[in-house]
Number of protein chains: 2
Amino acid sequence: MPELPEITIKARQMDKSLKGKRIADVEVRQPKNLNIPVSEFLKKVKGKIVSSVSSKGKWIFIKLDSAYYMLINLGMNADLIYFTPKQKLPEKYQFKIVFTDNTGFTIQFQWFGYVHLVSEEDLGKHKLTAHLGVSPINERFTLEHFKRLLTNKKMGIKSFLINQKNIAGIGNVYVQDILFKAKLHPSRKVSTLSEKETSDLYKAILEVLNCSIRLGGLTYEKDFYGRKGNFTIDEFLVGYKTRKPCPICSTPIEKIRTGSTHSYICPECQSSK
Amino acid sequence: MPELPEITIKARQMDKSLKGKRIADVEVRQPKNLNIPVSEFLKKVKGKIVSSVSSKGKWIFIKLDSAYYMLINLGMNADLIYFTPKQKLPEKYQFKIVFTDNTGFTIQFQWFGYVHLVSEEDLGKHKLTAHLGVSPINERFTLEHFKRLLTNKKMGIKSFLINQKNIAGIGNVYVQDILFKAKLHPSRKVSTLSEKETSDLYKAILEVLNCSIRLGGLTYEKDFYGRKGNFTIDEFLVGYKTRKPCPICSTPIEKIRTGSTHSYICPECQSSK
DNA sequence: TAATCTAACAACGA
DNA sequence: CTCGTTGTTAGATT
């Protein structure tokens with residue numbers, strides 16, 4: 001379950017390692033990952049050159065020189081790993097792309113993932129990415145912008161944060177510490193946030209995500225070169241810390257159900273439901 | 001709460017009485033009923049001639065010679081009544097239209113109603129009418145069409161019938177006897193209907209609505225000329241008959257909550273939930 | 001009581 | 001842990 005930090009890191013690495021390479025071959029073992037028939041996908045992609053790789057939220061955008069984008073979503077959990085002629089491929093994978101220099105990458109989806117091919121002009125019609133909210137590490141994500149997003153919303157703050165249409169890239173892992181840092185209960189209604197709570201939350205989002213990016217992402221996720229990140233689970237403040245003491249007040253952390261997801265909270269620090 | 005029979009009757013009467021008349025003046029006492037500013041509405045409507053009046057579901061469509069439509073929805077309850085120079089106007093009304101021959105009509109909305117002005121080319125963008133389902137008294141509403149509508153629906157049959165996007169014109173009044181005649185519980189899942197139940201239901205829809213149209217609509221609703229209909233509440237089979245005996249088996253009729261609406265059912269005849 | 005839209009939410013499938 | 005679809009519900013509207 002990679003979230004914004006892991007995807008951002010991976011896209012940057014892919015941009016560095018793949019830019020300018022020409023696609024020699026593609027292997028699709030799981031056609032359901034695609035949005036078009038395999039034959040059409042192969043035809044439109046083979047021989048094309050990678051112009052750049054970027055990311056938005058949990059999506060990776062591989063821009064080809066043919067004005068097409070390959071849009072990748074790793075779903076629940078997936079390994080997207082680079083290989084060189086010297087390295088042997090992973091045993092299992094659902095998708096493989098090989099460049100003319102015999103480097104390439106494989107993707108092993110654990111569960112639901114997409115590799116979609118969309119023309120530049122049809123990007124706005126691509127349902128899964130067209131309505132993504134702003135990236136929280138984009139300079140356009142200002143406190144003012146954040147406040148505007150919050151206005152008139154009646155939902156709980158956690159639902160708001162992990163809804164990709166509001167802000168793109170926060171999932172059920174990072175949201176835990178973001179809410180703890182802002183001292184907000186996940187079910188707290190957006191409309192009841194004070195000025196200070198709003199700006200504390202804004203800061204917490206940037207702090208938590210940027211901290212993880214600096215550390216290379218979560219330690220249980222692999223980057224493009226198969227290396228694990230340095231953000232260890234021990235460093236979580238409350239996430240996945242059931243019954244461990246709160247780092248502020250030592251109250252045991254609780255795991256609660258919030259809608260359809262689980263939340264880890266300090267019942268003292270995040271009491272104001 | 002006029003439904004298809006009352007609206008159909010009224011639109012036919014309006015077509016007969018208003019076609020060819022030129023609009024001399026309009027009075028708007030409740031601007032919120034409109035979709036555009038009052039000044040713009042007046043400008044676009046004054047001097048125009050009524051080409052025809054028709055209806056779809058609970059909506060009245062007044063077509064003007066300027067390729068504009070005046071779309072009227074009477075909401076919960078409203079009197080839309082014709083007047084001639086001899087008759088005095090109702091005391092209260094929110095909307096009045098006067099033709100050059102000094103006839104006209106007034107509308108007294110009790111609660112929520114619309115008078116929208118939409119150009120012919122923008123009809124498809126008018127959210128409130130563009131997605132209305134087929135009219136059950138339209139010849140296109142065949143048994144085959146009805147079956148197609150039902151396929152893959154997972155909702156309860158009552159929700160299905162009163163959802164204007166499926167079929168336009170059935171509300172919480174007529175749906176009661178329709179379900180009773182078809183011997184269906186309101187919460188019965190659409191997907192579980194047998195062939196026979198489906199065709200019985202289809203027939204019940206046509207029977208109930210056409211019967212009311214023939215009788216001039218419900219007795220507590222007024223037509224365009226202010227006359228009451230001849231479909232009396234006594235003739236309801238189960239609707240609004242709480243604790244009265246079922247006309248088939250004499251079991252007392254029950255009033256139950258089904259989602260956000262009330263339903264009147266015979267617990268014996270409509271038991272198959 | 002009723003009509004309808006919308007946002008938020010839950011259940012389900014892929 | 002994702003995401004879209006579908007349906008349900010609560011709230012708001014004048």
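In this predicted model, strand β6 (residues 95–99) of chain A runs antiparallel to β7(A), and 4 bridges join the two. One facing pair is A:Lys96, which stands opposite A:Thr106 in β7(A). β6(A) and β7(A) make a hairpin with 4 residues between them. In the turn of this hairpin, A:Asn102 has a positive phi of about 70°.

Strand β7 (residues 104–111) of chain A also pairs with β5(A), again in the antiparallel sense, over 7 bridges. Here A:Asn77 stands opposite A:Trp111 in β7(A).

**The sheet in chain B**

In chain B, an open sheet is formed by 4 strands in the order β1-β6-β7-β5, with antiparallel pairing. β1 (23–28) and β5 (77–83) of chain B are the edge strands, each pairing on one side only. From one strand to the next, the twist averages 10°. Within this sheet, strand β6 (residues 95–99) of chain B is joined by 4 bridges to strand β7 (residues 104–111) of chain B, and the two run antiparallel. B:Val98 stands opposite B:Gly104 in β7(B). In general, the strands of a sheet pair through backbone hydrogen bonds, either parallel or antiparallel.

**Two domains in chain A**

Chain A is divided into domain 1 (4–130) and domain 2 (143–265). Taken over C-alpha atoms, the centres of domain 1 and domain 2 of chain A are separated by 28 Å. Contact between them involves 16 residues of domain 1 of chain A and 16 residues of domain 2 of chain A. On the side of domain 1 of chain A that touches domain 2 of chain A, α1 (4–18) and β5 (77–83) of chain A each supply at least two residues. The largest share of that side, 9 residues, comes from α1(A). By class, the residues on this side of domain 1 of chain A are 7 nonpolar, 4 polar and 5 charged.

**A buried helix in chain B**

Helix α6 (residues 174–181) of chain B is largely enclosed by the rest of the structure, because 7 of its 8 residues are buried. The buried residues of α6(B) are B:Tyr174, B:Val175, B:Gln176, B:Asp177, B:Ile178, B:Leu179 and B:Phe180. Their cover includes α5 (157–162), α7 (195–214) and β10 (261–265) of chain B. After α6(B) comes B:Lys183, whose phi is positive, near 55°.

**Surfaces at the DNA strands**

DNA strand C is surrounded by 22 residues, of which the closest are A:Lys154, A:Met155, A:Gly259, B:Gly171 and B:Asn172. Two or more residues of the surface near DNA strand C are given by each of α3 (127–130) and β10 of chain B.

Around DNA strand D there are 25 residues, and A:Met1, A:Gly171, A:Asn172, B:Met155 and B:Gly259 come nearest. The elements that give two or more residues to the surface near DNA strand D are α3 (127–130) and β10 (261–265) of chain A.

How values were computed
Residues are numbered from 1 along each chain as its sequence is written. Chains are lettered from A and ligands numbered from 1 in the order in which they are written. This is a predicted model: local features need pLDDT of at least 70, side-chain atom pairs count only at pLDDT 80 or more; totals for chains, interfaces and linings use all residues. Domain bounds come from an automatic or database domain assignment. Two residues are in contact if their C-beta atoms, placed from the backbone, lie within 7 Å. Ala, Val, Leu, Ile, Met, Phe, Trp, Tyr, Cys and Pro count as nonpolar, Asp, Glu, Lys and Arg as charged, and the others, Gly among them, as polar. Two strands pair if DSSP finds at least two bridges between them. Axes are lines fitted to C-alpha atoms, for helices over the stretch in contact, and angles run from 0 to 180 degrees between N-to-C directions. A residue is buried if 20 or more other C-beta atoms lie within 10 Å of its own, exposed if 12 or fewer, and partly exposed in between; C-beta atoms are placed from the backbone. A residue is near a molecule or strand if its C-beta atom, placed from the backbone, lies within 6 Å of it.
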